[in-house]
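Reader: Hi! I have this structure open and would like to talk through some of its details with you. Shall we begin?

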Amino acid sequence: TEGLVIFGKTKDFFEKLKKAMKNGEIEKYYLLEVVGTPNFENKNVVSFLQKDEEKSEVKIFDSPRKDSVKIETNLSVVNRSSGGTSVLIAEIHNGKTHQIRAQLAHIGYPIVGDGKYGKNTDNKKFKSKTQKLTAFKLVFNFKDKDLKYLNNLNFEIKPTWLN
């Protein structure tokens, strides 16, 4: 994954950022290319994520399982190509390990270039050795007086893989 990263220069600001993230004051948007052409324009996907520390991967389920956490991702189709891929925007509400990658593979649209949750045959077909997933936009809705100055600023980049 490439893209924007948030960090605090001091421990105090880092703690404020962590609290804001936990309270949903930071909107995180990802641009990604998937294998296939989704049959939706916009979709809210709710699943349950179970982490396997030993394998360094996650499993996605449609209903709660032991040790799983609820995850939610809003998906919007940006472009469908005639070559068999589509570009989507994903907005995550949780930010769990491999959330977008695993959840999209679970619903049948793996990310192009994803060697862990995608298919190597697809990655070879689309000539991609790295996953096409970019944290491209951040929107701040801070309530803390020390962070509010960031609320009206635009933090957005163009993915390196997008032509």
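Reader: Which side chain does E72 meet in a polar contact of 3.0 Å?

Author: That would be the side chain of N44. Keep in mind that this is a predicted model.

Reader: Thanks! Where is E72 found, and what else is E72 in contact with?

Author: E72 is in strand β5. Leaving aside neighbours within four places in sequence, E72 has contacts with N44, V45 and V46, with E91, I92, H93 and N94, and with Q99.

Reader: What does the side chain of S68 have 2.7 Å away?

Author: The backbone oxygen of R65 lies 2.7 Å from a polar atom of that S68 side chain. Setting aside neighbours within four places in sequence, S68 is in contact with F48, L49 and Q50.

Reader: Now S63, please. Where does S63 lie, and how far is S63 from N74?

Author: S63 lies in the loop between β4 and β5. From C-alpha to C-alpha, S63 and N74 are 18 Å apart, with eleven residues of separation in sequence. S63 is partly exposed, at a relative accessible area of 36%.

Reader: Changing topic: which residues have the most contacts inside the largest nonpolar core?

Author: Those are Y30, L32, L88, I100 and L104, in a core of 16 residues. The elements that give two or more residues to this core are β2 (26-35), β5 (68-80), β6 (85-92), α2 (99-106) and β7 (133-140). As background, nonpolar side chains in soluble globular proteins tend to be buried together.

Reader: What does L104 touch?

Author: Not counting residues up to four places away in sequence, L104 touches L32, V34, L75, L88, Y109, P110 and I111.

Reader: Good to know. What is the volume of the largest pocket, and which residues lie nearest its centre?

Author: The volume of the largest pocket is about 330 Å³. Of its 18 lining residues, L4, V5, I6, M21 and K28 lie nearest the centre. The elements that give two or more residues to the lining are β1 (2-3), α1 (11-22), β2 and β7.

Reader: How many lining residues are nonpolar, polar or charged?

Author: The lining has twelve nonpolar, two polar and four charged residues.

Reader: One last topic: what is phi for S56 and for K127?

Author: Phi of S56 is near 55°, and phi of K127 is about 50°. Both values are positive in residues other than glycine, and most residues other than glycine have a negative phi.

Reader: Where do S56 and K127 lie?

Author: S56 is in the loop between β3 (42-52) and β4 (57-61), and it is partly exposed at 45% relative accessibility. K127 is in the loop between α3 (120-125) and β7, and K127 counts as exposed at 76% relative accessibility.

How values were computed:
Residues numbered from 1 in each chain as written. Predicted model: local features only at pLDDT ≥ 70, side-chain atom pairs only at ≥ 80, totals over all residues. Heavy atoms only, no water. Core = buried A, V, L, I, M, F, W, Y, C linked by side-chain atoms within 4.5 Å. Buried < 20%, exposed > 50% of the residue type's maximum accessible area, 1.4 Å probe, protein only. Helix = DSSP H or I, 4+ residues; strand = E, 2+ residues; numbered from the N terminus. Contact = heavy atoms within 4.5 Å. 1 Å grid on protein atoms, 1.4 Å probe; cavity = no way out; pocket = protein on both sides within 12 Å on 5 of 7 lines; lining within 4 Å. Points joined across faces, edges and corners; volume = space filled by probe spheres on them. Nonpolar A, V, L, I, M, F, W, Y, C, P; charged D, E, K, R; others polar. Polar contact = N/O pair within 3.5 Å; in protein donor to acceptor, adjacent residues only side chain to side chain.
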